[in-house]
Amino acid sequence: MSVDSPRAAAASILLRTIQGAMVEVPSTLSTAPPHVVLREGLRETPARVAKAWDHWLGGYEIDPHALMKSFEDGAEGYDEMVLVKDIPFYSMCEHHLAPFFGRATIGYLPQGKVVGLSKLARVVDAYARRLQVQERMTVDISQCVMNALAPLGVGVLIRARHLCM
Ligand SMILES: [Zn+2]
């Protein structure tokens, strides 16, 4: 986890904590009623939880700025707004560790540089799969587009449902 180090470090600690807590689950369950202990469906749950969180926080492993490096030149004189609507995303609220998910719309007014639409979707994913708040995610995405393309303007709109609200 070298990218975005302070938050990556926090996520790494969180992940280890969750993994550690889940390791305790089997012994905790051994004091639970037999029908809980013996349930087949719970046996692999600690490992599955650890793996799932590894994926949900996998955005720290992706450098969004690197994704945007291979922009396409040739947009000189192109003065129409580029609009990518309704990019789906799934994120984790850093206050409650609860999911929030929805769609992001990105618009920018190019100034000689444009980027493939799939790149923007990957940028959204890279920021979403971190411990986030919706406001910071919005700013992160817009700054990433700003840094990479230096457009005349950029706008990011995120609509999301938060399970913690
Ligand atoms: Zn929350």
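Me: How many helices and strands make up the secondary structure of the chain?
Reply: This is a predicted model. Read along the sequence, its elements follow the pattern α-α-α-α-α-β-β-β-β-α-β-α-β. The secondary structure comes to seven helices and six strands.

Me: What share of the residues in the chain is buried?
Reply: A residue counts as buried if 20 or more other C-beta atoms lie within 10 Å of its own. The chain has 165 residues, and the buried part is 25%.

Me: What is the order of the strands in the open sheet?
Reply: The open sheet has four strands, with mixed pairing. β2 and β3 run antiparallel, whereas β2 and β5 run parallel. β3 and β6 run antiparallel. The order is β5-β2-β3-β6.

Me: Which strands stand at the edges of the sheet?
Reply: A strand with a single partner has one side left without a neighbour in the sheet. That applies to two strands, β5 and β6.

Me: How many bridges join β3 to β6?
Reply: Strand β6 covers residues 153-162 and runs antiparallel to β3. Within this pair, Y108 stands opposite V154 of β6. The number of bridges that join β3 to β6 is ten.

Me: Which residue is the bridge partner of P88 in β3?
Reply: β2 and β3 run antiparallel and are joined by nine bridges. Their hairpin has five residues between the strands, and L97 takes a positive phi near 50 degrees there. The bridge partner of P88 in β3 is R103.

Me: Which residue in β5 is the bridge partner of C93?
Reply: β2 and β5 run parallel, joined by two bridges. The partner of C93 in β5 is Q132.

Me: What angle does the direction of α6 make with that of β2?
Reply: Helix α6 packs on the sheet and touches β2, β3 and β5. α7 also packs on the sheet, touching β2, β3, β5 and β6, and its direction makes about 155 degrees with that of β6. For α6 and β2, the angle is about 20 degrees.

Me: How far apart are the end C-alpha atoms of α6?
Reply: Helix α6 has twelve residues, 117-128. At 1.5 Å a residue, α6 should span 16 Å. The distance in the model agrees with this and is 17 Å.

Me: What covers the buried residues of α6?
Reply: The buried residues of α6 are K119, L120, V123, V124, D125, A126, Y127 and A128. What covers them includes α5 (64-67), β2 (82-93), β3 (99-109), β5 (131-132) and α7 (134-149).

Definitions and conventions. Residues numbered from 1 in each chain as written. Predicted model: local features only at pLDDT ≥ 70, side-chain atom pairs only at ≥ 80, totals over all residues. Expected span 1.5 Å × (residues − 1). Buried ≥ 20, exposed ≤ 12 C-beta atoms within 10 Å, placed from the backbone. Contact = placed C-beta atoms within 7 Å. Pairing = 2+ DSSP bridges. Axes fitted to C-alpha atoms, helices over the stretch in contact; angles between N-to-C directions.
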